[in-house]
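Subject: Structure handover

Hello,

Here is the structure I promised to pass on. Please open it beside this email and follow along.

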Amino acid sequence: MTAAAAGAGASLRTTIPPIGLGTWPLVGQDATRAVLGGIDVGYRHIDTATIYGNEDAVGAALATTDVAREELFVTSKLRGSDHISGDIRGAVERSLHTMGLDYLDLYLIHWPLPRFDRYVSAFAGLLECRDAGLIRYAGVSNFLGSHLTRVVDEVGEAPAVDQIQMDPSLGRRPVREVADRLGVPIASWSPLGRGDVLDDPVVVGIAERYGRTPAQIVLAWHLAVGVLPVARSANPQRQAQNLAAADIALTADDIAQLDRLDRGESAARDVEKEEHF
């Protein structure tokens, strides 16, 4: 792997806030209030996507807050229809117009959509947008190890990040191993799982011992294993609690116990079947 292939990920690790605020499925004023509330309690990474239908609401919050734009890290994602058509620059420009921004910090290919076989050219298009100053970093989402490897082999540069579904019960070891080898940082969506993870006796027991919430323990686990979680909440109290997870230092034994909750890839969304247009 060339230095260029690994450089973007190394650079991103030093600039992206460790815990992001997710915005799906919030829209309209609900999304604007959630983002403003998140910024007020300290979030600096805001995550959205064109397909969420809330880029306008997120942009309204960014226009309202007193926090300077350069202090915020804003992520959006390429929708499937633009991915398939190849209109990558047009998609980025539309996101910028909708959000009222001059640039995005991070723009991701939302899904690889492998049956259309356009993700390599789509990533190359994102690199062109980066070089044109429209985005700071070009990344991907929901890519498996095979997709990451092909991108690096054919484009010669690694994505700045791969945002994947992940929680302690879905440890995603196969893709994380490839990403680590290629120098691609991992971010996680749905980092708190689908509810059952927070009720797991192991998680609850560790939370009680630290005097923290189960959600905080799970988010601290993500950070401990080198993953950047993006957690959605519209509740200001939970937003603050989630953000405070960055202050928790889990022991090696805590991390090992949480690692053992991994049930393999069976709960992961099937990228071969996803059609987000």
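The lining of the second largest pocket divides into six nonpolar residues, one polar and five charged. This is a predicted model, so please read everything below as computed from that prediction. The volume of this second largest pocket is about 160 Å³. Its lining residues are R13, R173, R176, E177, A179, D180, V184, P185, I186, V225, G226 and V227. Helix α8, residues 173-182, gives the largest share of that lining, with five residues.

Now the largest pocket. Its volume is about 750 Å³. The lining counts 31 residues, and those closest to the centre are W24, W189, S190, R194 and R232. Two elements give two or more residues each to this lining: β8 (227-232) and α11 (236-244). By class, the lining of the largest pocket holds 12 nonpolar, 13 polar and six charged residues.

Rolling a probe the size of a water molecule over the atoms shows where empty space is left. There are three cavities of 30 Å³ or more. The largest cavity holds about 50 Å³ of space. Around the largest cavity sit W111, N142, F143, L144, I164, Q165, R172, A268, R269 and V271. Six of these lining residues are nonpolar, two are polar and two are charged.

On to the aromatic rings. How many aromatic pairs does a search of the whole structure find? The search finds three. Two of them are worth a look here.

Start with W111 and W189, which form an edge-to-face pair.

Y119 sits in helix α6, while F143 is in the loop between β5 (135-141) and α7 (145-155), so the pair ties together parts 24 residues apart in sequence. Why does Y119 count as buried? Its relative accessibility is 4%, and the cut-off for buried is under 20%. F143 is at 0%, so F143 counts as buried too.

Where does T65 lie? T65 is in the loop between α3 (55-64) and β3 (73-78). T65 has a relative accessible area of 13%, so this residue is buried. A polar atom of the T65 side chain lies 3.1 Å from the backbone nitrogen of V67. Leaving aside residues up to four places away in sequence, T65 touches L36, I39 and L72.

Best wishes

How values were computed. Residues numbered from 1 in each chain as written. Predicted model: local features only at pLDDT ≥ 70, side-chain atom pairs only at ≥ 80, totals over all residues. Heavy atoms only, no water. 1 Å grid on protein atoms, 1.4 Å probe; cavity = no way out; pocket = protein on both sides within 12 Å on 5 of 7 lines; lining within 4 Å. Points joined across faces, edges and corners; volume = space filled by probe spheres on them. Helix = DSSP H or I, 4+ residues; strand = E, 2+ residues; numbered from the N terminus. Nonpolar A, V, L, I, M, F, W, Y, C, P; charged D, E, K, R; others polar. Buried < 20%, exposed > 50% of the residue type's maximum accessible area, 1.4 Å probe, protein only. Polar contact = N/O pair within 3.5 Å; in protein donor to acceptor, adjacent residues only side chain to side chain. Contact = heavy atoms within 4.5 Å. Phe/Tyr/Trp six-rings, centres within 6.5 Å; stacked < 30°, edge-to-face > 60°.
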